[in-house]
Amino acid sequence: MTLQILDREKNKLYSDGNFWELSRKEENDCFYGVSFVSSIKFIEEKLLLFYQDIELILGLSDNGNNSIGQRMQELMDKRVSWVNYVENNLESEFAKRILDGSLRLRFTKDKLIHSKIYLMENKEQNTYQCFTGSMNLTETAVSKNFEQLIWDYRSKNDDLYQLYK
């Protein structure tokens with residue numbers, strides 16, 4: 001794995017960083033993220049077990065020379081497949097969390113979002129952690145790709161929190 005994570009508070013570079021280890025150093029209630037891609041399996045295995053409240057904005061996969069029309073059709077197809085999964089797997093944790101509102105998925109439609117940002121909050125302690133950089137919410141990005149993230153963590157009273165939020 002070649003995930004480089006810069007801890008801005010300590011000015012320390014983790015040259016072989018572990019996103020999950022660092023992001024779970026603090027007990028957080030909420031996970032908000034913007035990622036270009038992700039999957040039901042990844043969300044089930046990596047997020048649902050650890051966060052009470054999850055909101056993700058997911059973009060389209062990069063299809064090279066495809067037209068915007070083709071990308072928009074892919075978006076609609078992907079949304080339909082996620083809805084079908086929920087309807088056909090009502091007993092799954094993923095479906096339960098979609099239906100109770102503690103897992104919210106949004107998809108880009110007018111403008112593609114390519115930024116990656118992951119904001120975790122601890123409501124009781126009024127703290128946050130935020131990772132920004134190149135990493136998508138996929139197993140390949142977390143464990144195989146060369147990716148870079150900047151890691152901030154502080155009180156939610158901090159101005160930087162407002163920027164991330």
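This is a predicted model: local features need pLDDT of at least 70, side-chain atom pairs count only at pLDDT 80 or more; totals for chains, interfaces and linings use all residues.
Eight strands build an open sheet, and their order across it is 2-1-8-7-6-3-4-5. The pairing is mixed. Strand 2 and strand 5 are the edge strands, and each pairs on one side only. From one strand to the next, the twist averages 15°.

Now look at one pair of neighbours. Strand 3 covers residues 30-35 and runs parallel to strand 4. The two are joined by 6 bridges. Take phenylalanine 31 as an example: its bridge partner in strand 4 is isoleucine 54. Helix 4 packs on the sheet here, touching strand 4 and strand 5. The direction of helix 4 makes about 85° with that of strand 5.

Next come the charges. Side chains of opposite charge can pair when their charged atoms come close. How many salt bridges does the whole structure hold? A search finds 10.

One of them joins glutamate 9 and arginine 154, with 3.0 Å from N to O. This pair links distant parts of the chain, 145 residues apart. Glutamate 9 sits in the loop between strand 1 and strand 2, while arginine 154 belongs to strand 8.

A second salt bridge brings the side chains of arginine 104 and glutamate 55 together, at 3.2 Å from N to O. Again the pair links distant parts of the chain: arginine 104 is in strand 5, glutamate 55 is in strand 4, and 49 residues separate them. Arginine 104 is partly exposed, at 23%. Asp53, Glu55, Arg104 and Arg106 are linked in a network of salt bridges.

Arginine 97 and glutamate 93 meet at 4.0 Å, N to O. Both lie in helix 4, which spans residues 93-100. They are 4 residues apart, about one turn of the helix. Their surroundings differ in the model's values. Arginine 97 has a relative accessible area of 7%, and the cut-off for buried is under 20%, so arginine 97 is buried. Glutamate 93 is partly exposed, at 42%.

Turn now to the rings. The structure holds 13 aromatic pairs. One is formed by tyrosine 85 and phenylalanine 94, whose ring centres lie 5.6 Å apart. Why is this pair called edge-to-face? The planes meet at 80°, and edge-to-face needs an angle over 60 degrees, so the pair qualifies. Phenylalanine 94 is buried, with a relative accessible area of 0%. Tyrosine 85 is partly exposed, at 23%.

Tryptophan 151 and tyrosine 153 pair in another way: their arrangement is tilted. The centres are 4.6 Å apart, with 45° between the planes. Tryptophan 151 counts as buried, at 3% relative accessibility. Both rings belong to a cluster linked by ring pairs. Its members include Tyr14, Phe19, Trp20 and Phe31.

Finally, charges and rings can be seen together. The charged end of arginine 24 sits over the ring of phenylalanine 50, 3.4 Å from the ring centre. Lysine 165 lies over the face of tyrosine 32, at 4.0 Å from the centre of that ring.

Methods. Residues are numbered from 1 along each chain as its sequence is written. Side-chain values use heavy atoms; hydrogens and water are left out. Buried means under 20% relative accessible area, exposed over 50%, partly exposed in between (1.4 Å probe, protein chains only). Rings of Phe, Tyr and Trp (its six-membered ring) pair if their centres lie within 6.5 Å; planes under 30 degrees apart count as stacked, over 60 as edge-to-face and the rest as tilted. A charge sits over a ring if NZ of Lys or CZ of Arg is within 6 Å of the ring centre and within 35 degrees of the ring normal. Two strands pair if DSSP finds at least two bridges between them. Axes are lines fitted to C-alpha atoms, for helices over the stretch in contact, and angles run from 0 to 180 degrees between N-to-C directions. Contact means heavy atoms within 4.5 Å.
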